[in-house]
Amino acid sequence: MTRVAMFDLDGTLVDSPRAIVEAFGVAFEAMGADPRDPADVRATIGLPLEQAFGKLLGVPQDDPRVAEGVAQYQKAFRTVILPRAKSLVFPGVAEGLDELRRRGVVLTVATSKFHASADALLTAAGLRDHITVLIGADDVTYPKPHPESGLLILERLDARPEHAVMVGDTTHDLRMAEAAGIASVAVTYGVHQRAELDAARPTYVAETFPEVVAHIIGTLPDSGPSGDTLVEDMLNDRTHHIEFNGHLTNHVKHAVVALAGLGIAPERIKAYHDNYVTLTPYGCPVEPARAPQQTVDDDNWLQLLGKRQDFAAHCEFFDRREQELGMTEMLRRYLPRLLSGWVGALQHATIHLGWALDAGNRRMAIEGIAYLAFAHVDCHPERAVVSEAYGAELPKDSLLRIARYWEDNRQELGAWVQHLVDDTTADIHPELLRSGLQHRIARTLGEGHPRIYETPAWVNDQDTDASWDQLGYLVTLLYLAEPGDFLLLHLMTALHAMRHIADTLPVEQRPEAVKCYWTGILGVLFSRGHFARPGKLTALDDLFDTAVDDVTDPRWAREWNWLIARAAEEEEEHNPKLVYVMREMWHRTGGRSVYRVAAGQFTATPELPATFEQPPVD
């Protein structure tokens with residue numbers, strides 16, 4: 001049984017009606033039309049934009065002035081409403097949605113906004129991650145009050161009308177619910193007055209959002225584990241080891257976070273999860289969890305750093321410390337020493353922790369920090385020295401400078417890396433030698449190169465949010481220069497993780513996370529023995545530096561839906577992770593086209609090197 005809560009958006013979750021009136025005013029002014037009475041504008045809220053402008057202008061919906069009004073409104077939407085979105089969320093909404101998700105209710109939105117506009121508003125308001133299904137006016141033939149929106153949500157979730165409830169602030173919402181055979185809750189704090197709402201015969205009337213939540217919990221039939229509870233169960237699972245066949249990382253929880261973030265139904269995610277643990281894309285199953293063989297504590301954990309010994313004992317240690325200190329304090333106490341090892345396990349330890357923080361899952365976070373300690377490969381940020389020679393460089397300038405250095409010294413640098421790789425006498429765990437790639441990275445970072453540690457001033461001086469945004473753009477350019485390269489893909493998914501990890505640290509410590517990331521990615525890039533050509537990076541930058549999609553254009557919502565549908569069918573779990581991170585970056589940056597384009601560049605499972613003919617070293 002799937003329990004479904006459907007919500008209207010404007011006037012129910014977000015107090016956008018007052019901003020909508022303002023946006024209509026801006027649109028009419030841009031059209032050279034007289035302003036409309038705010039009461040008349042409010043009366044159209046809940047209708048699709050074409051109907052609203054037709055009614056306010058007194059013309060048919062196919063009149064050219066309607067299309068002009070819609071276009072002007074959408075411009076105003078981006079400048080008037082989106083920047084204020086977080087402050088417009090009604091009291092109790094974020095907490096109430098959290099509580100409903102915790103109880104296994106699947107949360108959806110049925111709105112008269114275009115899908116892309118609703119997606120952008122929910123994202124800007126910080127509510128998008130709560131919503132499993134979003135239906136906009138352009139997703140249906142007949143918008144509210146026709147029942148198609150509610151029926152489509154039920155169809156997508158394979159749910160029954162008697163297990164659903166619609167919550168809205170207008171008679172359009174209530175009549176849609178009645179026509180679909182769905183219970184309804186009218187909220188009185190939105191657009192329509194109590195008398196109008198009563199006339200539409202809602203099942204229940206609520207004065208506040210917490211009252212809505214209490215009613216849903218008290219009336220929807222209990223279904224046992226479902227929805228987000230099912231996702232949480234997968235993230236809390238302790239039955240599988242963090243690696244298999246030696247050093248290969250068990251990625252299944254990363255895939256669960258990505259698929260849930262993309263809005264895939266929990267039952268489909270469970271099927272994906274079960275298929276992966278039975279037979280990974282590498283052709284072998286994941287391995288059962290191992291019992292701890294020793295005790296890790298504050299006295300010996302540093303001695304075990306990067307030794308790849310007893311992952312379960314590391315988990316027990318950090319589990320105990322989290323219970324004693326709380327998650328925030330535990331991370332702040334141990335991360336300063338662990339951040340330098342973020343490249344370990346091909347960055348998957350970092351991904352495990354950062355994506356756990358993204359999902360808000362305690363058990364996965366414990367595994368992530370334990371994996372950082374277990375697989376630690378030091379990038380030696382202590383060697384970094386700020387160079388005055390690079391003046392006011394920004395991250396893009398720094399990357400292009402190093403790319404040009406490689407272009408000028410390609411043969412010498414390639415030989416230097418190969419010499420390091422051929423030397424197997426260094427003190428590196430033998431399982432990394434079997435890996436091939438991990439050995440290359442460990443040797444490169446262990447030896448180091450002066451260009452890796454000549455640090456530009458922006459690493460320490462620039463606002464860290466600006467650095468993460470600029471670094472995200474750079475690693476995406478690198479990926480587009482070699483599309484499908486899964487090591488470069490890791491740099492993007494690891495940046496998403498590092499950003500979440502850095503946000504747990506005090507503000508003054510966050511530049512250290514940026515420095516570790518910059519130093520580490522240079523080590524990874526050097527280790528490959530080649531570098532993206534500066535001409536190609538410059539050409540890609542010329543294409544994408546100022547290219548921005550209109551996030552309210554329904555074409556891009558459709559394209560993202562196609563990418564998500566493709567990703568959900570991929571056995572190679574890196575691809576849903578790619579789409580999830582690129583969509584997050586697209587939204588974060590107001591629709592920069594580079595992220596939409598990169599999201600479609602899927603990777604393939606790499607062939608295992610010849611060293612895999614040797615047995616794993618535990």
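Student: What volume does the largest cavity have, and what makes a space a cavity?

Tutor: The volume of the largest cavity is about 230 Å³. On a 1 Å grid over the protein atoms alone, a cavity is a set of points where a 1.4 Å probe fits but cannot get out, while a pocket is an open set with protein on both sides within 12 Å along at least five of seven lines. Points are joined across faces, edges and corners, and a volume is the space filled by probe spheres set on the points. Rolling a probe the size of a water molecule over the atoms shows where empty space is left. The model is predicted: local features need pLDDT of at least 70, side-chain atom pairs count only at pLDDT 80 or more, and totals for chains, interfaces and linings use all residues. Residues are numbered from 1 along each chain as its sequence is written, and side-chain values use heavy atoms, with hydrogens and water left out.

Student: How many cavities of 30 Å³ or more does the structure hold?

Tutor: There are six of that volume.

Student: What makes a residue part of the lining, and which residues lie nearest the centre of the largest cavity?

Tutor: A lining residue has an atom within 4 Å of a point. The largest cavity has 21 such residues, and those nearest its centre are Asp10, Ile20, Leu47, Leu49 and Lys113.

Student: Which helices each supply at least two residues of that lining?

Tutor: They are α1 (17-31), α3 (49-57) and α4 (64-81). The largest share, three residues, is that of α4. Helices (H or I, at least four residues) and strands (E, at least two) are DSSP runs, numbered from the N terminus.

Student: What is the volume of the second largest cavity, and which residues line it?

Tutor: Its volume is about 110 Å³. Its lining includes Met234, Asp237, His240, Phe311 and Glu367. By class, the lining has four nonpolar, five polar and three charged residues.

Student: How much space lies in the largest pocket, and which helix gives the most to its lining?

Tutor: The largest pocket holds about 1400 Å³ of space. It is lined by 45 residues, of which Gly126, Arg128, Asp129, Asp358 and Glu584 are the closest to its centre. Helix α30 (residues 574-588) gives the most, with six residues. The lining divides into 19 nonpolar, twelve polar and 14 charged residues.

Student: Where is proline 145, and what is the peptide bond from lysine 144?

Tutor: Proline 145 is in the loop between β3 (133-135) and α8 (148-157). The bond from lysine 144 to proline 145 is cis, with omega near 15°.

Student: Why is asparagine 245 called partly exposed?

Tutor: Buried means under 20% relative accessible area, exposed over 50%, and partly exposed in between (1.4 Å probe, protein chains only). Asparagine 245 has 23%, so it is partly exposed. This residue is in the loop between β7 (243-244) and β8 (248-249), and its phi is near 50°, a positive value in a residue other than glycine.

Student: How do you know what to call aspartate 310, buried or exposed?

Tutor: The relative accessible area of aspartate 310 is 15%, so it is buried. Aspartate 310 lies in the loop between α14 (266-278) and α15 (311-325), with a positive phi near 60°.

Student: What makes the pair of aspartate 319 and glutamine 323 a polar contact?

Tutor: A polar contact is a pair of N or O atoms within 3.5 Å; within protein, one must be able to donate a hydrogen and the other to accept it, and residues adjacent in sequence count only if both atoms are side-chain atoms. The two side chains make such a contact at 2.6 Å. Aspartate 319 is in helix α15 and has 10% relative accessibility, so it counts as buried.

Note on methods: Ala, Val, Leu, Ile, Met, Phe, Trp, Tyr, Cys and Pro count as nonpolar, Asp, Glu, Lys and Arg as charged, and the others, Gly among them, as polar.
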